[in-house]
Amino acid sequence: MKNTFNNSHKRYQRKLRVGFLTAICLFIGGIAFSISKLAAAPDAEHLIAEKTAKGLILSPEKKPIPGAVITVKDTTTGTVADINGVFSMDLQYFKEENVTLKISMVDYESTEVVVRTSKLPKDLGKITLQKETD
């Protein structure tokens with residue numbers, strides 16, 4: 001009887017040690033994975049465009065204009081304002097010192113905003129479009 005008790009106790013201790021070692025290995029692996037992700041995070045942020053222009057397109061009544069089209073003048077590069085009238089445009093590939101953004105929407109007069117690429121990222125703030133006059 002005593003021998004059976006010792007054997008079962010030894011098996012229990014062995015399982016406990018194996019489980020404990022497994023837990024430690026998983027814990028260390030998790031820490032190593034987290035550290036590698038943290039070390040890679042600045043690189044991922046660096047890929048996000050640092051030369052962006054953003055703004056809010058408003059009507060004369062100070063209501064957002066969703067769907068307003070924002071293009072870089074004389075190019076095919078552009079974006080569209082979201083449902084809240086907010087836009088963000090990546091200008092990192094433009095080497096000119098000044099870039100002109102043309103903002104347009106049906107029933108509104110187009111407007112142009114000059115952005116200095118050396119001053120990016122830049123928040124252009126609120127841009128109000130005027131209603132078209134017939």
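How many helices and strands are there in the chain? There are one helix and seven strands, where helices (H or I, at least four residues) and strands (E, at least two) are DSSP runs, numbered from the N terminus. Before we go on, note that this is a predicted model, in which local features need pLDDT of at least 70 and side-chain atom pairs count only at pLDDT 80 or more, while totals for chains, interfaces and linings use all residues. Residues are numbered from 1 along each chain as its sequence is written, and side-chain values use heavy atoms, with hydrogens and water left out.

Let us follow the chain along its sequence. Of the contacts with a separation of 6 or more, 51% are between residues 24 or more positions apart; a contact here means heavy atoms within 4.5 Å.

The chain has 134 residues, and 20% of them are buried. Buried means under 20% relative accessible area, exposed means over 50%, and partly exposed lies in between (1.4 Å probe, protein chains only). The chain exposes about 10000 Å², with carbon and sulfur atoms supplying 58% of that area. Accessible areas come from the Shrake-Rupley method with a 1.4 Å probe, and for residues only the protein chains shown count as cover.

For a closer look at one residue, turn to T52. You will find T52 in strand β1, which covers residues 52–58. T52 is buried, because its relative accessible area is 18%. Leaving aside residues up to four places away in sequence, T52 touches S88, M89 and D90, and also L120, P121 and K122.

The structure holds two salt bridges, each defined as a side-chain nitrogen of Lys or Arg within 4 Å of a carboxyl oxygen of Asp or Glu. In one of them, K73 meets E112 at 3.3 Å, N to O. This pair links distant parts of the chain: K73 sits in the loop between β2 (69–72) and β3 (78–80), and E112 belongs to strand β6 (residues 108–116), 39 residues apart. K73 counts as partly exposed, at 37% relative accessibility, and E112 is also partly exposed, at 42%.

Another salt bridge joins the side chains of R116 and E97 at 3.0 Å, N to O. Here too the pair links distant parts of the chain, with R116 in strand β6 and E97 in the loop between β4 (86–90) and β5 (98–105), 19 residues apart. R116 is partly exposed because its relative accessibility is 39%, and E97 is partly exposed at 49%.
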